Amino acid sequence: MKKLVTRFGEIEYSKENSLHFPQGLVGFENLHDFVVMPNEKNGPLFWIQSVEDPEIAFVLTDPTNFFLDYKVVPNEMEMETLNIKDAEDCHALSVVTVPESKEISLNLAAPIIFAPGTNRAIQVILENTQYQIRTPLPKVEEMKPAKTKKAKKKQAQPGASN
Amino acid sequence: MLVLTRKPGEGLVIGDEITITIVESKNGGVKIGIEAPRHVKIYRRELYDRIREENIDAASTWTIDDIVTVSENIIRRRTKK
């Protein structure tokens, strides 16, 4: 166990709960190692704390919690960086912005692609995408049915609702 | 900043691996061709800058209390029918 003093206080981490960004994140190209912090409350949010800069931490979520049909497929170069052979060995995460209003938004235009098998991640910028940098959560009445991991493969209809 | 004047068809070489060609210039726009190794990332600057700024915002404006509040809101949304 290693210890790290952050803006949230002292945290402990080990190799098992750390995440490596070989290329850093956009604007943070020098930050390569993060600790994955579970959310103490239930819910889909968790956060990652930079090992190299105690001031820097990002809230992340699996965007398919809110946008069932969202999917990002890595290209060959990205798969190489993630050290994976199969595009199915990774999935997208979104950076969550929490403004003062607490009306959070997801950055669907620059997702993080995470490979659980290798504990590596990259942030990619989607060119020519409809997805917004500040995508608000869908309105409650438009909410799609809560998904399970298997739901992704079922190719659920984007417009489906309960 | 290094400023050079180039005409359509002319180009620049940056280091050993990157070549830039001015393809066309008309109506105030310039079409640029870039040859670079696959690992070199190329983005339109305004897009890159916006993502960078959003990351900076996302990295520093929240507290643990925010996460608790927002998580509770999300759970409440889900139980609402």
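Helices (H or I, at least four residues) and strands (E, at least two) are DSSP runs, numbered from the N terminus. The model is predicted: local features need pLDDT of at least 70, side-chain atom pairs count only at pLDDT 80 or more, and totals for chains, interfaces and linings use all residues. Residues are numbered from 1 along each chain as its sequence is written, while chains are lettered from A and ligands numbered from 1 in the order in which they are written.

Of the 162 residues in chain A, 33% are buried, that is, with 20 or more other C-beta atoms within 10 Å of their own, C-beta atoms being placed from the backbone. Contacts are counted where the C-beta atoms of two residues, placed from the backbone, lie within 7 Å. Among those in chain A between residues at least 6 apart in sequence, 45% join residues at least 24 apart.

Between the chains, 33 residues of chain A are in contact with 30 residues of chain B. On the side of chain A that touches chain B, β5 (45–50), β6 (57–61) and β7 (91–97) each supply at least two residues.

In chain B, three strands form an open antiparallel sheet in the order β1-β2-β3, strands being paired if DSSP finds at least two bridges between them. Its edge strands, each pairing on one side only, are β1 (11–14) and β3 (29–35) of chain B. Seven bridges join β2 (residues 18–26) of chain B to the antiparallel β3(B). B:Ser25 stands opposite B:Val30 in β3(B).

Definitions and conventions. Buried ≥ 20, exposed ≤ 12 C-beta atoms within 10 Å, placed from the backbone.
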